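Please keep the sequence and the structure in view while going through the points.

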Amino acid sequence: MSAPHLGPAARPASRLAYARRTLSAFGTGLFKAFNANKTSWVGLGIFLTVCLLAILAPWIAPYDPIDQSILFRLKPPSEAHWFGTDYYGRDTLSRILYGAQISLTIGLLAIGLALVVGTTIGMIAGYYGGALDVILMQIMDVLLAFPSLILGLFIVAMLGPSIENLIVAISVTAIPQFARIARAPTIAVKEREFVEAGRALGFSNRRLLAGHILPNILPEVMVMGSLYLATAIRVEASLAFIGLGVSPPTPTWGGMIREGFENILDSFWLAVFPSIAILIVVFSLNLLGDGLRDAIDPRLKGEE
Amino acid sequence: MTAFILKRLGFACVTLFGVLTVVFFIVRVLPGDPALIILGDQASQASIESLRARLGLDQPMIVQYFEFLGGVIVGDWGNSLVSGRPVIDEVLNVLPATIELTLVSLVIGTVLGIPLGIWSALRRNKFTDYVIRITSLLGLSLPAFVSGILLLIAFAIQLRWFPVISSGRGTTFADRASDLALPAINLGLIMAAYITRVARSAMLEVLNQDYVRTAEAKGLAFAVIVWRHCLRNALIPVVTVVGLYLGYLIGNSVLTEIVFNRPGLGKLIVGALNQRDYTMLQGMMVIYTLIVVLVNLVTDLVYGLIDPRIKYQ
Amino acid sequence: MRVLTVDDLTVSFRSERRWVQVINGVSFHIDSGETVAVVGESGSGKSVTALSIMRLLQKNVSRLSGRITLGDTELTGLSDQAMRDVRGADIGMIFQEPMTSLNPVLTAGFQVTEALRRHRGLSRGDARREALRLFDLVRIPDAARRFDQHPHTFSGGQRQRVMIAMAMACRPKLLIADEPTTALDVTIQAQILSLIADLQKEIGMAVMFITHDMGVVAEIADRVVVMLKGDKVEEGPVADVFAAPREPYTRMLLASVPRLGALGDTLTPRRFADLSAEAAAVDAAPAPPPQEPDKRGAPILTVDALTTRFAVRGGVLGRMVGKVHAVENVSFTVREGETLALVGESGCGKSTTGRSLLRLIEPASGAIRFEGRDVMAATPAEMRTVRRRMQMIFQDPFGSLNPRKTVGASIREPIMVHGLGSAAEAEARVADLLQRAGLTPEHALRFPHEFSGGQRQRVVIARGLALNPSLLVADESVSALDASVKAQVVNLLLDLQRDLGLAFVFISHDIAVVERISHRVAVMYLGEIVEIGPRASVLTSPRHPYTQKLIEAVPIADPAERQARKGLMTDEIRSAVRPLDYEPEPRRMIEVAPEHFVMEH
């Protein structure tokens, strides 16, 4: 053990080899996380299918989603209109397909924004601690004190309903959640000796945060991201149901349910089909996130 | 323990103060003149000016801010722009209905959720566990208005067991109960779904603790171990989460009240939205904040009661 | 009389759909009044054996065959209900982690009465009286008041006493103690060991004592069962096994255990004997390894009156209510190529001292001079240079490497950050460092979890060397390792010191290892250095009462030197929390022998 055996075999590894190794380890890790709980695969499959249908809506939707037709008002499901038609004679199936675009766009962008902003805040608060932590988290707690629907409702009511404003409003409700989620593991990882070792090796705080802490908390943040995407889609639909969605005639699921609800006594299917659409998307994301969370949990607690 | 309570009380005041400030500035600073929002684009300059004066918007921001804070403290929340009545009266008028709905739902959620979660944890990876997990996941995937509409279609429209519109003002207990039944079941089931999941994971974690092994090494019966050694420890995270979800429950009560056409804060807020009654809206934010801060405070206190480690801090 | 018979015990665990056998047909027995130590390193199956006897293994993931008999009862054949009547009544058990083994929401007293009421059917009042008597028996001070308090108000040693009271409550025939002192400080360990021995004499029970520490074995056991990877490799009376181990593994295990006092009054460290199994297989006793040459140079680190304090906050507003005097007026020097050991028990400030040297924790006052630089006054740029020349190696080989980076990337990063070479040069350096640390260049592409604990610590050492330091601060760097691995890493450190002229500040609670590796020793107590001097002088003729107590408590891995324990101590390690206005009175160090200083007391 004591004598170093330098020989011809001592060829240093290339940077490319490192990159390949790290990437493949990441891939295997992800694959393993999915495999740990088969339901995550099911969730992912359903969610990707919905995304695909939303993207393909212009090609696969049987009718134009905003074309009105007085002749075909409030028709129950039939061969021509699988999911029936609404009060203006618009095809429900087509509107659901286009509505998916709105739901997914708002949800993904809002959560993307919240993830970046919230994680940054949470990591900074957790890493630096002290007064900065207290102030940042107190602000987050103030935002968190509002029920997210009420806060979103308030912001949209003040800003006016448009896609951009909905994205901002929903991401504001999610930012404190991400800050909290990112802060806890940041504190845990900060206490681990490899971060202290990094400081002893003269690494800058930025390098430690971005290069060492972030990769270790990212899985947890991403998993929560998928769960909050489900919440965001639900909040968007709820706002639209209250009347604070993207303005008509643009089809939104929440808005469709609202219209269906107004005709609930005679044409209940109007409310039922978009409800099922929301349920499917939200459930698939919950399946995905929940399964992954189970898989990453022990690794975060114990050792890899 | 006293220090702990005082500390929590202090935090609650800070939060309350922060939220009031946020509400104030959202209303004043965000693009869009409230007067313009209230009156619409077509309003004349003169009518906008007069409304601004009536609302005190012509005064310096800092004056408005302190008047707002002072008003909140003494219970002067302004008058509704639509009915002209004091906001606080309108709010207090419907508050009992919302509190009734929320509390009954919370009870339903707890009574169903905790035993189901614990049962699920004890039968981990068995069929029961699987069914409970999928069902609860489904439960928390349903937006409250969707589940409300489905309940309405099934039990009020098709089966006619309950009224389609619940007045919330029935005088007899039976009336009130039948009004409350569907909305409370709707919210309660969603709450149960959340609590089930938390209780399950809390229980699973507790079952893995060293002190459970110690209790087993003492020869205690399994039921005793679960009841005496695990339950109270598992309740600690459940209480925290129930407190957090109460905010969610209040949000959902808005949707539920709309679907079941039941008077309450939810109907009030949507009415205020539609009629651009912004003093009312501002008052609603204050009352929601008060409720949430109060709930958090109670959660912390319950937490202190369950966990002896808090007491000695 | 035979109390416990384990006959051909085989245990398998299910792991990812496969059954993996972890105990392979182990047999042994314990007589009444006898203490049998089951010894082995991690993964030997010693704890699994204990849990099998208690039938506490998780049912659906474990499979068990063989016979376990307690007295006349065959435990393996009992129903679950009948087994519960045995647990806690006929067999008591104490566990390794006193901090987590008691239920936090129930009072300590209640947890003891539970067993009494369950098995002896005592009324509430009787159980309380009996439990109070047990509290006195295990020497919990102020028992009547402590009885109704919750576990988090107890120290680790006191919690272990509560655990013992619980296990003894029904006067069991057999006590199983699973590493009961591993998590405790050495003086507390001594108290607990003598308490167990005392109670055993009183009750006449049999004790199965599971440990990895040969020193503890020598101290307490009548017979020894040595386990390796699920097999029993050797069994015999403790004196025989220590004097003439038959199996190569036992021999290696004993060779890797440092014996306090083995170095006599030499000046320099000494390597451990070659520990490979082949060498141990040779029957002739291996020649003792030579003493390291004395190659010490000029002082490179001078610490003067270093003080580090932490605020203790409390009350409603989080005001500062006191201070932890973690490091108080500490002064020492380290010479080139020299090892100074900082020893002491938990909370004595040795780790804080180490971190303060690199200003990972900001000291309150004092002077640190390192290679001619004033560290306390260093600019950020100078501090980078300081941290290049002074490196730190931490305790936990699992925690000190980023789990998401290959070890090669971890070693390369500091080289790149400090601009010490091109990318290609850095790669070559990584390969060279890995070899120096006893690994191969191919290891660069692996992730930390693909290594064993000892290998990981080698990687950490390689990374520490990447910046060409002149001083390594090693904070409990070998404490988490198995004895044989520990010895190898100590040898590696000594090689590096000899080849590179490195100086070490070696922080450790393990005095036997310290003796092997150090030139000089500093003993810390409550934040202060109470005694400092040449190793031989401090360890063989300690002058400060605390040093004397500490060294007396170290178990010696030689049953012939088993000390008759004197009296039963119950004193706790004191806390260094002081009121805000507290200023310690300056105390002088008195030179009692050449270079050997003792704080006046």
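The numbered points below treat the model, its sheet, a strand pair, its core, selected residues and the chain contacts.

1. The model is predicted: local features need pLDDT of at least 70, side-chain atom pairs count only at pLDDT 80 or more, and totals for chains, interfaces and linings use all residues. Residues are numbered from 1 along each chain as its sequence is written, while chains are lettered from A and ligands numbered from 1 in the order in which they are written.

2. In chain C, 8 strands form an open sheet with mixed pairing, in the order β16-β17-β18-β13-β19-β20-β23-β22. Strands (E, at least two residues) and helices (H or I, at least four) are DSSP runs, numbered from the N terminus, and two strands pair if DSSP finds at least two bridges between them. At the edges stand β16 (390-393) and β22 (589-593) of chain C, each with a single partner strand, so one side of each has no neighbour in the sheet. On average, neighbouring strands of this sheet are turned by 20° against each other, direction ignored; axes are lines fitted to C-alpha atoms, for helices over the stretch in contact, and angles run from 0 to 180 degrees between N-to-C directions.

3. Within chain C, strands β20 (residues 528-534) and β23 (residues 596-599) pair in the antiparallel sense over 2 bridges. C:I532 has C:F597 as its bridge partner in β23(C). Helix α12 (residues 350-357) of chain C packs on the sheet, and its direction makes about 150° with that of β18(C). Among the strands that this helix touches are β13 (339-343) and β19 (520-525) of chain C; two residues are in contact if their C-beta atoms, placed from the backbone, lie within 7 Å.

4. Strand β6 (residues 91-94) of chain C is covered on both faces, with C:I91 and C:M93 buried on one side and C:G92 and C:I94 buried on the other. A residue is buried if 20 or more other C-beta atoms, placed from the backbone, lie within 10 Å of its own, exposed if 12 or fewer, and partly exposed in between. In a regular strand the side chains alternate between the two faces of the sheet. Strand β6(C) runs parallel to β7 (residues 174-178) of chain C, joined by 4 bridges, and C:M93 has C:I176 as its bridge partner.

5. Which residues touch the most other members of the largest nonpolar core? They are C:L174 and C:V523, in a core of 337 residues; such a core is a set of buried Ala, Val, Leu, Ile, Met, Phe, Trp, Tyr and Cys residues joined through C-beta atoms within 7 Å. Helix α9 (residues 205-242) of chain A gives the most to this core, with 18 residues. Leaving aside neighbours within four places in sequence, the contacts of C:L174 include C:V3, C:I30 and C:I91.

6. C:M166 lies in helix α6 (residues 156-168) of chain C. Because C:M166 has 29 C-beta neighbours inside 10 Å, this residue counts as buried. Beyond neighbours within four places in sequence, C:M166 is in contact with residues including B:K218 and C:Q111.

7. In the contact between chains C and A, 40 residues of chain C meet 30 residues of chain A. Helix α15(C) gives the most to the chain C side, with 7 residues. The contact between chains B and A takes 36 residues from chain B and 37 residues from chain A, and the largest share of the chain B side, 7 residues, comes from α1(B).
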